[in-house]
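Please walk through the structure shown here, starting with one chain as a whole and ending at its contact with a partner.

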Amino acid sequence: MSIRVQQEDFDVGAELTAMRGNRAIGALACFVGLVRDVNGGAQVAELTLEHYPGMTEKALQDIVEQAKARWDVMDVRVIHRIGKLHPTDQIVFVAVAGAHRGEAFAACEFVMDYLKTQAPFWKKEQTPDGERWVDARASDDAAAQRWQGQEAS
Amino acid sequence: MDSSDLEKGLARADTGAVTVLYFARLREVLGRDSERLALPADAWTVGALRDLLRARGGAWELELGAAKPVRVAVNQTMARMDTRVSPGDEVAFFPPVTGG
């Protein structure tokens with residue numbers, strides 16, 4: 001299990017390769033989030049990611065623990081970037097290794113849904129009209145809530 | 001509360017102080033990222049601390065109002081308005097998170 005909050009970019013191929021050591025792993029599911037150039041109709045030239053040092057790592061750790069308790073997965077990696085980012089940049093990486101694809105896909109989606117609503121990160125966008133903090137979206141809360149009261153399959 | 005009020009509060013030997021942190025939009029509109037704050041004997045919950053800060057008026061009253069979706073963490077764990085606060089705790093106020 002590995003959790004990193006960093007300014008530097010990451011190499012998806014290298015991360016996935018590093019997770020392949022265990023011979024019992026039959027599935028690697030991964031999600032990569034990117035900076036888009038449009039949000040809510042406005043052109044985004046630059047994004048600044050702020051976090052809460054200490055709590056952010058702790059929250060990510062807790063989310064990964066919940067995923068591991070819920071699904072039979074062997075390894076989870078989370079990388080989240082902070083600082084200034086630009087369209088097409090990678091922001092977030094979540095990868096889950098398991099015996100089969102079902103639990104790997106589910107755990108990967110669960111970690112992303114919880115990360116979006118529980119991990120203390122905040123985005124500020126630079127647009128032609130100036131800076132603005134991104135508002136939380138109700139659809140993200142709904143995505144996280146659908147895991148509640150639902151048994152792992 | 002200005003700095004002299006804060007010093008008076010800290011000088012009271014019978015009350016402990018907490019560290020209060022502000023993040024993202026709240027940090028910007030409130031104009032600070034952290035402060036040490038002495039709490040009166042009856043204000044040792046997150047909700048009471050929020051009321052104390054709102055009483056400063058202006059942006060404090062507006063941004064920490066009941067209608068605002070403010071999130072609070074105590075010692076780096078998400079908290080609720082009835083969560084207890086103890087001397088030495090780190091209490092953070094921030095907007096709903098938008099990472100990922």
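What share of the contacts in chain A with a separation of 6 or more is accounted for by residues 24 or more positions apart? In this predicted model, such residues account for 76% of those contacts.

The secondary structure of chain A consists of 4 helices and 10 strands. Along the sequence they follow the pattern β-α-β-β-β-β-α-β-β-β-α-β-β-α. The C-alpha trace of chain A spans about 50 × 35 × 30 Å along its principal axes. A compact globule of 153 residues would have a radius of gyration near 15 Å, so the 16 Å of chain A agrees with that expectation. Of these 153 residues, 33% count as buried.

Two of the helices, H2(A) and H3(A), pack with their axes 10 Å apart and at an angle of about 150°. Angles over 145 degrees count as roughly antiparallel, and H2(A) and H3(A) are therefore roughly antiparallel to each other. Their crossing is right-handed. From H2(A), A:Ala59, A:Leu60, A:Ile63, A:Val64 and A:Ala67 meet A:Ala107, A:Phe110, A:Val111, A:Tyr114, A:Leu115 and A:Gln118 of H3(A). By class, the residues of this contact are 10 nonpolar and 1 polar, with no charged residue.

The partner is chain B: 21 residues of chain A are in contact with 13 residues of chain B. On the chain A side, two or more residues each come from strand S5 (46–51), helix H2 (55–70), helix H3 (101–118) and strand S9 (121–127). H3(A) gives the largest share of that side, 4 residues. The side of chain A that touches chain B has 13 nonpolar, 4 polar and 4 charged residues.

Note on methods. Residues numbered from 1 in each chain as written. Chains lettered and ligands numbered in written order. Predicted model: local features only at pLDDT ≥ 70, side-chain atom pairs only at ≥ 80, totals over all residues. Contact = placed C-beta atoms within 7 Å. Nonpolar A, V, L, I, M, F, W, Y, C, P; charged D, E, K, R; others polar. Axes fitted to C-alpha atoms, helices over the stretch in contact; angles between N-to-C directions. Parallel < 35°, antiparallel > 145°, perpendicular 65-115°, else oblique. Left-handed = near helix turned anticlockwise from the far one by under 90°. Rg over C-alpha atoms; globule rule 2.2 N^0.38 Å. Buried ≥ 20, exposed ≤ 12 C-beta atoms within 10 Å, placed from the backbone.
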